[in-house]
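Look at the structure first, then work through the points.

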Amino acid sequence: MPNRRIYTSAIASIVAVICVITIQCSYASYAAAAEPQHTYTVSDDVQVEKTHAPSLSEAPFIYGPQTRSFNSVASPSITKNLTGLSTVGVEWKQHNDVAAPSIRLRYLNDGAWSTWISLSPASDNTKDSSPMQYTDPVYVGKASQVEAQFVAQPGTLSSFSDITLVAIDTGYTLSSSTNQSASSTSKNIAEPIADRSKTTSATQPVTGAIHTREEWWVNGNPAMDWEPEYGSWQGAIGHHTVNVNDYSQAEVPAIINGIYVFHSTGRGWGDIGYNLIVDRYGGIWEGRDEGVPRQVKPASQVIGAQAKTFNSATFGVAVLGNFTNDSPSNQAVQSVAAAIAWEFNALGISDPNGTFDYHGTQQRISGHGDSSHWVDSANRTQCPGVELSNQISNIRNLVSAYMLPQIQLTWQIRQEDIAVGAAIYGATASLEYKWTSYNVDTGTWKLIADWNGGNWAG
């Protein structure tokens, strides 16, 4: 990426001369890996379109003699037809402190059933103390049917009620033709993500633009009714969405919109819980609403729903996928770091490897399930997955490399002149200086030294 100049002026006067220093900084950028790490289930040359209003429907599980066998234990089950590109999940009420249920689902795609997928109770935050429990939403794409099973440990089934399968039609469909053009009500979103950003230069992190909510939002979505609330961000927490890893680039907005509908309506939050979302191709997406249309605000400090007890003090960056066993792509890791660096620069946080004091000592960058977050039991979770957790140290180092240098200007008045200089902290960078002086008696500028490398110019 081209070098970025930051022009900073420091003016000091002695007698009738003012010296002005202008600084150019260049910093490291990265080259994205050529290929993602996972195999596609949907060809990457397909088109995905916004074609209709999204919807959420629910179906209660069946009890009694109709239940099927799950690990040799009678269990409630349900089968439901799906429409559009779909996201599914399970919810239930839990009335006692008993062992978590076992939940699994499979889906029918092109006449063939997938393998069973095991689900766990969601580990992300809730906004209240409701007895409702949820799995994370699972994207099943163009599947036509889903079957889910719910099994409680022996003797505990009476502790659960209102067990329900939630199915979300995201409002997206696969296009029947890769050459079909977009209409006023059906927007083609299959172009390469980097070529269709609507964000402005003010929202450019090191890796490129952050995609705004408008890019994944579908007309007819449930209304966002959780207006922005503000905290004081002191750090970043990494997550995984516990979704799928083998999605195509074109499907990313549909997956995000499915999470939005599940969080806002299914979970009753009124909006998506994550502040920023990263896909496996390195795309960075606005999640939680910041109150400014078609723009992402650095250091907005809007409270999300991502790490209980820590929401007001941190922002959440979630990677689309499940990293319990699979490694995140290089692009995803780099973009997580870039997104955090962008926010940290705006927050004035200079040390990504540092700590802050909030319910104990907290790392500036951490994973959701870090033990320092266990002051709230809701954070005793495997999120963001072992493989993404293993990348946290690397992410901290990348954030340090991506952050804009912290520049400190100084000058000293001497008998014969003013000595002006600068020091740089917190990043590996090169500095170039352009020195000029201004004579207030004559109203003229004089070039002392043109751009040149080095930490000080004489």
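Strand S8 (residues 86–94) is joined to strand S12 (residues 132–134) by three bridges, and the two run antiparallel. Glu91 has Tyr134 in S12 as its bridge partner. Keep in mind that this is a predicted model.

**Other partners of S8**

- S8 also pairs with strand S15 (residues 160–169), in the antiparallel sense, over eight bridges.
- Within that pairing, Gly89 has Val166 in S15 as its bridge partner.
- Strand S13 (residues 138–141) is antiparallel to S8 as well, and three bridges join them.
- There, Thr87 stands opposite Tyr139 in S13.
- S8 is mostly covered, with eight of its nine residues buried.

**A six-stranded open sheet**

- Six strands form an open sheet in the order S17-S20-S19-S21-S18-S24. The pairing in this sheet is mixed.
- Strand S17 (210–211) and strand S24 (365–367) are at the edges. Each has a single partner strand, so one side of each has no neighbour in the sheet.
- The partner strand S20 (residues 284–286) pairs with S17 in the parallel sense over two bridges. His211 stands opposite Trp285 in S20.

**S21 inside that sheet**

- What pairs with S21 in the parallel sense over six bridges? Strand S18 (residues 235–240) does. Gly238 stands opposite Val317 in S21.
- Strand S19 (residues 276–278) also runs parallel to S21, and three bridges join the two. Leu276 has Val317 in S21 as its bridge partner.
- Is S21 (residues 314–319) buried or exposed? Six of its six residues are buried, so the rest of the structure largely encloses this strand.
- Both faces of S21 are covered. Thr314, Gly316 and Ala318 are buried on one side. Phe315, Val317 and Val319 are buried on the other.

**Two packed helices**

- Two packed helices are described by the angle between their axes and the distance between the axes.
- Helix H3 (residues 330–347) and helix H5 (residues 392–402) pack at an angle of about 55°, and their axes are 8 Å apart.
- H3 and H5 are therefore oblique to each other. The crossing of H3 past H5 is right-handed.
- Which residues of H3 meet H5? Val333, Gln334, Val336, Ala337, Ala338, Ile340, Ala341 and Phe344 do. On the H5 side they meet Asn394, Ile395, Leu398, Val399 and Tyr402.
- The residues of this contact comprise eleven nonpolar, two polar and no charged.

How values were computed. Residues are numbered from 1 along each chain as its sequence is written. This is a predicted model: local features need pLDDT of at least 70, side-chain atom pairs count only at pLDDT 80 or more; totals for chains, interfaces and linings use all residues. Side-chain values use heavy atoms; hydrogens and water are left out. Axes are lines fitted to C-alpha atoms, for helices over the stretch in contact, and angles run from 0 to 180 degrees between N-to-C directions. Helices (H or I, at least four residues) and strands (E, at least two) are DSSP runs, numbered from the N terminus. Angles under 35 degrees count as roughly parallel, over 145 as roughly antiparallel, 65 to 115 as roughly perpendicular and the rest as oblique. A crossing is left-handed if the near helix is turned anticlockwise from the far one by less than a right angle, and right-handed if clockwise. Contact means heavy atoms within 4.5 Å. Ala, Val, Leu, Ile, Met, Phe, Trp, Tyr, Cys and Pro count as nonpolar, Asp, Glu, Lys and Arg as charged, and the others, Gly among them, as polar. Buried means under 20% relative accessible area, exposed over 50%, partly exposed in between (1.4 Å probe, protein chains only). Two strands pair if DSSP finds at least two bridges between them.
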